[in-house]
Amino acid sequence: MKIAIVGSGMIGLCSAYYLNKQGYEVTIIDEGDGTDNCSFGNAGFFSPSHMVPLASPGIIAQGLKWMINPESPFYIKPSLDINLAKWSWQFFRASTKKRVGQAVPILNQMLMESRSLIEEILADTKIDSGFDDKGLLMYCKSQHVLDEEADMAELGRKCGQDVDVLSSAQAEKINPGFEIDTVGAVHFKNDAWFTPNSFMNGFQKYLKDQGVEFQFNTKVLSAEKHHRHLKALVTEKGKIEADQFVIATGSWTAKFLRQLGVKILIQGGKGYSFEVTNPPVMPKTASILTEARVAVTPMQHGLRFAGTMEVNGLDLSINPRRVLGIQKSIPNYFPQINQESFKDIKPWAGLRPCSPDGMPYIGKTKKFDNLIVATGHAMLGISLGPITGQLVCEIAGENKPHIDDTLLAVERYS
Ligand SMILES: Cc1cc2nc3c(=O)[nH]c(=O)nc-3n(C[C@H](O)[C@H](O)[C@H](O)COP(=O)(O)OP(=O)(O)OC[C@H]3O[C@@H](n4cnc5c(N)ncnc54)[C@H](O)[C@@H]3O)c2cc1C
């Protein structure tokens with residue numbers, strides 16, 4: 001049976017991995033050349049620690065304060081775009097205790113399972129990705145924020161995670177010689193990280209060796225259909241026929257599906273990263289500068305900093321003020337790193353595919369019997385890649401997904 005996957009990001013590749021193992025004939029089509037998309041320049045975390053979606057109580061008040069600061073980590077660009085208006089309204093509606101209470105157990109289950117699956121994938125594929133499982137430190141500058149993170153630690157423990165709340169001295173012992181200026185940290189020990197660029201390149205090569213076909217530099221324009229059945233993708237370079245189709249086109253998915261009459265809400269959540277190749281000191285553990293919302297990852301080729309969430313459609317341009325906002329925040333936590341460390345950086349931007357409620361869209365559409373959508377993972381697309389691939393494979397095989405997929409329904413906003 002033939003399956004065509006549109007999109008060669010983390011979600012497309014993980015779907016291909018499980019489908020190929022089940023014996024499907026898989027083709028991946030991407031308009032890019034397979035060397036860069038959101039799945040490359042990210043922070044590389046597998047983070048069960050992030051079991052609470054971004055849309056949560058408190059984010060609206062905090063977000064309004066951030067909106068007026070050009071260097072702030074979160075921003076929704078005011079616009080007359082109707083899709084952004086609908087998205088923002090649903091984001092607001094999802095930011096309640098009740099909705100978050102429904103989302104957390106499902107997200108936690110998906111994150112924890114995915115965390116195990118990535119280790120299986122790495123053992124199977126033998127990709128050298130710099131995977132490390134020392135956990136994630138949430139560094140806090142203020143006692144108030146450390147107390148909030150301690151509440152998150154408690155929630156994590158209730159969800160079955162291993163979490164410690166540390167004083168500054170205890171946190172310093174985890175990275176001897178690496179100075180920190182904080183009141184303490186929360187250590188989420190189930191978290192892990194890798195170097196996404198190495199993984200994505202290695203995964204592509206592995207899949208090619210297993211017989212998965214890649215068609216790069218090929219934009220999918222539309223699809224041919226017959227009643228409720230899709231017959232072929234129409235690309236710039238001709239038609240691609242298949243029995244089933246997986247749409248894993250990240251932030252571009254809403255635009256693509258609209259022409260097929262399938263309505264979903266997605267906004268690109270732009271984030272930036274840059275790497276310091278020779279930092280004055282290299283921490284041994286990945287971390288987040290909590291108040292600044294900056295992720296810090298020791299990767300194979302340097303120390304990567306990533307941050308900001310600018311909700312603004314599909315614009316990938318780099319705003320230097322926000323990159324500067326990231327740079328300025330770092331020495332406040334890590335005094336050994338100064339502005340001189342950033343002189344040769346090359347900022348990268350990527351679009352996180354954000355659903356309003358922070359839950360991915362995974363499943364078939366009501367409109368077609370052979371169209372599977374897998375997107376909307378926002379800031380968790382790496383963490384949730386393996387479990388998403390597994391779910392896509394279950395759905396393609398007409399099996400009931402082993403995870404309760406009610407909150408993942410593709411057309412929940414249509
Ligand atoms: C700064 C930053 C830090 C992040 N850190 C983390 C992290 O630490 N952990 C984590 O879990 N997540 C993180 N994320 C989020 C994560 O990177 C994304 O959720 C994930 O990469 C999304 O993967 P994807 O496969 O859905 O989309 P993408 O990687 O964007 O891939 C989609 C692909 O679809 C292709 N495409 C689109 N339309 C078409 C078309 N019409 N025809 C053909 N091809 C098409 C595109 O070319 C693209 O290659 C971060 C994101 C950012 C920006």
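**Close-up 1. Composition of the lining of the largest cavity in the predicted model.** In the lining of the largest cavity, 13 residues are nonpolar, four are polar and one is charged. This lining is made up of 18 residues, and those nearest the centre of the cavity are Pro53, Leu54, Gly358, Ala378 and Met379. Two elements, α3 (82-94) and β17 (302-311), each give two or more residues to the lining. The volume of the largest cavity comes to about 130 Å³, and the count of cavities of 30 Å³ or more is one.

**Close-up 2. The shell of residues around the ligand in the predicted model.** The ligand is surrounded by 34 residues, with Asp30, Ser39, Phe45, Ala378 and Ser383 the closest. By class, the shell holds 16 nonpolar residues, 14 polar ones and four charged ones.

Close-up 3. A backbone N or O atom of Ile382 is placed 2.9 Å from a ligand oxygen atom, while for Met10 a backbone N or O atom lies 3.3 Å from an oxygen atom of the ligand. From Asn42 it is the side chain that takes part, with an N or O atom 3.5 Å from an oxygen atom of the ligand. Of the 1,000 Å² of accessible area that the ligand has on its own, the protein covers 96%. The elements giving two or more residues to the shell are α1 (10-21), β14 (267-276) and β18 (348-354), and β18 provides the largest share, three residues.

Key. Residues are numbered from 1 along each chain as its sequence is written. This is a predicted model: local features need pLDDT of at least 70, side-chain atom pairs count only at pLDDT 80 or more; totals for chains, interfaces and linings use all residues. Side-chain values use heavy atoms; hydrogens and water are left out. A residue is near a molecule or strand if one of its heavy atoms lies within 4 Å of it. A polar contact is a pair of N or O atoms within 3.5 Å; within protein, one must be able to donate a hydrogen and the other to accept it, and residues adjacent in sequence count only if both atoms are side-chain atoms. Accessible areas come from the Shrake-Rupley method with a 1.4 Å probe; for residues, only the protein chains shown count as cover. Helices (H or I, at least four residues) and strands (E, at least two) are DSSP runs, numbered from the N terminus. Ala, Val, Leu, Ile, Met, Phe, Trp, Tyr, Cys and Pro count as nonpolar, Asp, Glu, Lys and Arg as charged, and the others, Gly among them, as polar. On a 1 Å grid over the protein atoms alone, a cavity is a set of points where a 1.4 Å probe fits but cannot get out, and a pocket is an open set with protein on both sides within 12 Å along at least five of seven lines; lining residues have an atom within 4 Å of a point. Grid points are joined across faces, edges and corners, and a volume is the space filled by probe spheres set on the points.
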